[in-house]
Amino acid sequence: QVQLVESGGGLVQAGGSLRLSCAASGRTLANYDVAWFRQAPGKDREFVATITWSGRSIYYANSVKGRFTISRNNANNTVYVQMNSLKPEDTAVYYCAATVGTDYSRGSLYTQESMYDYWGQGTQVTVSS
């Protein structure tokens, strides 16, 4: 079992930055593909970004491309998302999720919630205008 805990959320003005962390315990995160999803009030949860276990493949939602950067530090069992140029529409609860990595690309499956077996509890990000 992998336990995931998100941190780093908060209130920020539009144009500001935050860095979210997803810390794992129970097992090393080095073998897992890890993604960030978010859910805004009244909306479905949506894909934000994912990084494969090797770090060689990274995917972003179009809405965050160029503003968000996902990265990982396997030495401290943590995955990050650096969020710059934040907009009010980025306001949401942000969740990290993990699944055991593979040696082949899963393509568009990385954007699907159903692919991920482990989820954190989420951290709130609020961007004021």
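User: What makes the charged end of Arg45 count as sitting over the ring of Tyr95?

Analyst: In this predicted model, the charged end of Arg45 lies 4.7 Å from the centre of the Tyr95 ring, and because the cut-off for such a contact is within 6 Å of the ring centre and within 35 degrees of the ring normal, the pair is listed as a charge over a ring. The charged end of Arg45 also sits over the ring of Trp119, at 4.1 Å from its centre.

User: Which aromatic cluster does Trp119 belong to?

Analyst: Trp119 forms one aromatic cluster with Phe37, Phe47 and Tyr116.

User: Why is the pair of Phe37 and Tyr116 called edge-to-face?

Analyst: The two ring centres are 5.6 Å apart and the planes stand at 75°; because rings pair when their centres lie within 6.5 Å and count as edge-to-face when the planes are over 60 degrees apart, the pair of Phe37 and Tyr116 is edge-to-face. Phe37 lies in strand 4 and Tyr116 in the loop between strand 9 (92-100) and strand 10, so the pair ties together parts that are 79 residues apart in sequence.

User: How do you know whether Phe37 and Tyr116 are buried or exposed?

Analyst: Phe37 has a relative accessible area of 1% and Tyr116 one of 4%, and because buried means under 20%, Phe37 is buried, and Tyr116 is buried as well.

User: How many aromatic pairs are there in the whole structure, and what makes Tyr32 and Tyr118 one of them?

Analyst: A search of the whole structure gives 6 aromatic pairs. The rings of Tyr32 and Tyr118 have their centres 6.1 Å apart, which is to be set against the limit of within 6.5 Å, and their planes are at 75°, so the pair is edge-to-face. Tyr32 belongs to strand 4 (residues 32-39) and Tyr118 to strand 10 (residues 118-119), so that the pair links distant parts of the chain, 86 residues apart.

User: What makes strand 7 and strand 8 a pair of strands?

Analyst: Strand 7 (residues 68-73) and strand 8 run antiparallel and are joined by 6 bridges, and because at least two bridges are needed, they pair. One of the bridges has Asn73 with Thr78 as its partner in strand 8. The two strands form a hairpin with 4 residues between them, and Asn77 in the turn has a positive phi of about 60°.

Terms used
Residues numbered from 1 in each chain as written. Predicted model: local features only at pLDDT ≥ 70, side-chain atom pairs only at ≥ 80, totals over all residues. Heavy atoms only, no water. Phe/Tyr/Trp six-rings, centres within 6.5 Å; stacked < 30°, edge-to-face > 60°. Buried < 20%, exposed > 50% of the residue type's maximum accessible area, 1.4 Å probe, protein only.
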